[in-house]
Amino acid sequence: MSQRQHLPADERRERTVEAVIELCGREEPATLTTGRIARRMGVTQGALFRHFASKEAIWEAAVAWVAERVMARITTAAEGVEDPLLALEAMFLAHVAFIAEHPGVPRLLMGQLQHPRPTAASRMVKGLMARYRRRLLGLLEEAGRRGQLRPGLDLDAAATQFIGCVQGLVLQSLIADDVAGIVDRAPAAFDLYRHGIRAAPGGDA
C-alpha cells in the first residue's frame with residue numbers, strides 16, 4: 001500500500017487514467033463515480049483529487065491519453081508505407097488492435113460525446129476525430145492522384161465510411177461480448193471497404 005501512496009504525481013495521474021479506461025470497458029461511463037475510480041486505485045477520493053481538480057479533469061486526462069496513443073499508433077503503422085491504400089489498411093488494423101487492447105476506449109469517447117452540453121472533454125474528442133479525419137483525407141487524396149480510386153469518389157464520404165467501418169466492428173464486438181475478436185474480423189471488413197473505393201482493374205469505372 002505504501003508503494004501506491006508514494007507514486008510520483010505523473011505516474012499517479014497515468015495510472016488513474018488507465019484505471020478509468022479499464023472501468024469504462026466494464027461499466028457505463030455515465031455512472032462511473034470518483035468513488036469507484038478511487039476504490040479501483042486503492043486510494044481515497046481525497047487522494048484522487050490531489051492530482052485532478054475535478055471529475056471533468058479526469059475525463060479530460062483520459063481523452064488526452066487516448067488521443068495521444070491512437071494518433072501515435074496509426075502514424076507509426078502507416079509510416080514508411082509507400083502505397084496509400086496499404087497505409088490506410090495499416091491504419092485500420094492498428095486502430096482495431098488498439099481497441100482490442102483497450103476495450104473501454106470506445107465507450108469512453110462515446111460517453112463524452114453524449115453530454116447534452118459541450119464539455120472540454122467532448123471538444124477534445126471532436127478534435128481527435130478531426131485530426132484522424134485529416135490523416136485519412138491526406139492518404140485518400142494521394143491515392144486519388146495515383147489513380148487508385150474509382151472515378152468520382154467522394155473523399156469526404158470515403159473518410160466517413162472508414163471511421164464507420166471501425167465503429168461497426170466495435171458495435172458488433174460489444175453485442176457479441178467479444179472485443180478481442182475484433183482483430184480477427186478486421187481484415188475482411190477492410191477488404192470490403194477497399195473494394196468500395198478502389199478503381200476497377202484496368203482503370204475502368
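Modeller: Let me start with Ile182, which, leaving aside its neighbours within four places in sequence, is in contact (heavy atoms within 4.5 Å) with Val96, Ile99, Ala100, Leu169, Val170 and Ser173. Ile182 has its place in helix 10 (residues 182-197), where helices are DSSP runs of H or I of at least four residues, numbered from the N terminus. This is a predicted model, in which local features need pLDDT of at least 70 and side-chain atom pairs count only at pLDDT 80 or more, whereas totals for chains, interfaces and linings use all residues. Residues are numbered from 1 along each chain as its sequence is written, and side-chain values use heavy atoms, with hydrogens and water left out.

Biologist: Why is Ile182 called buried?

Modeller: Buried means under 20% relative accessible area, with a 1.4 Å probe and protein chains only; Ile182 has a relative accessible area of 0%, and is therefore buried.

Biologist: What makes Trp59 count as buried?

Modeller: Trp59, found in helix 5, has 6% relative accessibility, which is under 20%, so Trp59 counts as buried. Leaving aside neighbours within four places in sequence, Trp59 is in contact with Val20, Cys24, Pro29, Leu32, Leu108, Gln112 and Ala121.

Biologist: Why is the pair formed by the side chains of Thr34 and Gln45 called a polar contact?

Modeller: A polar contact is a pair of N or O atoms within 3.5 Å, of which, within protein, one must be able to donate a hydrogen and the other to accept it; the side chains of Thr34 and Gln45 are joined at 2.7 Å, so the pair is within that limit. Thr34, in helix 3 (residues 34-41), also counts as buried, because its relative accessibility is 12%.

Biologist: What makes the lining of the largest pocket mostly nonpolar or mostly charged?

Modeller: Its residues divide into 18 nonpolar, four polar and two charged, where Ala, Val, Leu, Ile, Met, Phe, Trp, Tyr, Cys and Pro count as nonpolar, Asp, Glu, Lys and Arg as charged, and the others as polar; the lining is therefore mostly nonpolar.

Biologist: Which helix gives the largest share of that lining?

Modeller: Helix 7 does, with seven residues.

Definitions and conventions
Helices (H or I, at least four residues) and strands (E, at least two) are DSSP runs, numbered from the N terminus. Buried means under 20% relative accessible area, exposed over 50%, partly exposed in between (1.4 Å probe, protein chains only).
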